[in-house]
Amino acid sequence: MTAAAFPHRPAMEVFKLAGLATSGTPRISVVVPAKNEAKNLPHVLPHIPAWVDEVILVDGNSTDDTIEVARSLLPDIVVLQQDRRGKGAALRTGFNAAKGDIIVTLDADGSADPGEIPAFVGALLAGADFVKGSRFMQGGDTTDMEWYRRLGNWGLLTLVRIRFGGKFTDLCYGYNAFWRDVLPYLNIEDATGFEIETEMNVQALRANLNVFEVASKEFPRIHGVSNLRTIPDGWRVLKTIVRLGVSRPARPAVPPRSTAGQHQPSV
């Protein structure tokens, strides 16, 4: 896959596609956790829609030119260093620093298409509190998952359905978006690794947030080797589900939002 796999769209075309060409447009932050992704960033950062207000790269102590490449591609990019190891710690660092009304998470390895961001933002503007990408609903796909990972994802997803309800079609996927004002209800302080996606999804269910899935296509990472470890990280996801299943939500449940107008852009 080359950089041309995600053709850059004119800003106004994407504004119309996402329904954003209106006054009072919410500000949007994209959080990109990265560790040694210098070769992949040219396939990702330039294809983030031009109307995104803020791109935050959270560096996990890279030993290559990740930071230099990021700044050369997007001079206005915000670069942060995470204070603890793991993807969960990186995302929390980005979330805490984000200034946007809407926060989108995007992997740095080229496996996710930045051109799908309008679909996530559009669902939020239509009334969702939290939008999660799904590789397994109609229109979604993955070419980066072995059969045993598919089986594991299905098993963990079944546990979540039995214990927490909901009708998710995907569980362990890193492409998500949400309004910043629901972040306290996600309560992700305990997640440090790849289990953070599962924790966010389950916490959204427990808080009665209005969760919406959008179809997403996952591609193999372009360069390098994934930091995902199937068995250890799968075990962390399972422990997260069990822990949440026997605990009470840390905050009172909030009612679903029926219209996006209830989320006011920050000033």
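1. Lys87 and Asp107 form a salt bridge, with 2.9 Å between the closest N and O atoms. A salt bridge here is a side-chain nitrogen of Lys or Arg within 4 Å of a carboxyl oxygen of Asp or Glu. Lys87 belongs to helix α3 (residues 87-97) and Asp107 to the loop between β4 (102-105) and α4 (117-125), so the pair ties together parts that are 20 residues apart in sequence. Lys87 is buried at a relative accessible area of 13%, and Asp107 is buried at 19%. Buried means under 20% relative accessible area, exposed means over 50%, and partly exposed lies in between (1.4 Å probe, protein chains only).

2. The model is predicted: local features need pLDDT of at least 70, side-chain atom pairs count only at pLDDT 80 or more, and totals for chains, interfaces and linings use all residues. Residues are numbered from 1 along each chain as its sequence is written, and side-chain values use heavy atoms, with hydrogens and water left out.

3. Lys87 has a further partner in Glu197: these two form a salt bridge whose closest N and O atoms are 2.6 Å apart. This pair links distant parts of the chain, Glu197 sitting in helix α7 (residues 196-206) and Lys87 in helix α3, 110 residues apart. Glu197 counts as buried, at 4% relative accessibility.

4. Arg221 and Glu37 also meet through their side chains in a salt bridge, at 2.8 Å from N to O. Arg221 is in the loop between β9 (217-218) and α8 (230-245), and Glu37 is in the loop between β1 (28-34) and β2 (54-59), so parts that are 184 residues apart in sequence are tied together by the pair. Arg221 counts as buried at 17% relative accessibility. Glu37 is buried as well, with a relative accessible area of 5%.

5. Over the whole structure, the search finds seven salt bridges. As background, side chains of opposite charge can pair when their charged atoms come close.

6. For the chain overall, the secondary structure comes to eight helices and nine strands. Helices (H or I, at least four residues) and strands (E, at least two) are DSSP runs, numbered from the N terminus. Of the 267 residues of the protein chain, 51% count as buried. The accessible surface comes to about 12500 Å², and 55% of that belongs to carbon and sulfur atoms; the areas come from the Shrake-Rupley method with a 1.4 Å probe, and for residues only the protein chains shown count as cover.

7. Among contacts in the protein chain with a separation of 6 or more, 80% are between residues 24 or more positions apart. Contact means heavy atoms within 4.5 Å.

8. Strand β4 is covered on both faces: Ile102 and Val104 on one side, and Ile103 and Thr105 on the other, are all buried. β4 pairs with β1 in the parallel sense over four bridges, and Ser29 has Ile103 in β4 as its bridge partner. β4 is also joined by four bridges to strand β7 (residues 176-179), the two running antiparallel. In β7, Phe178 stands opposite Ile103. Two strands pair if DSSP finds at least two bridges between them.

9. Val69 is placed in helix α2 (residues 66-73) and is buried, with a relative accessible area of 19%. Leaving aside neighbours within four places in sequence, Val69 is in contact with Ala38, Leu41 and Pro42.

10. Two backbone entries are worth checking by eye. Asn36 has a positive phi of about 55 degrees although it is not a glycine; the residue lies in the loop between β1 and β2 and is partly exposed, with a relative accessible area of 33%. Asn208, also a residue other than glycine, has a positive phi near 60 degrees. Asn208 is in the loop between α7 and β8 (211-215) and counts as partly exposed at 41% relative accessibility. Most residues other than glycine have a negative phi, and most peptide bonds are trans.
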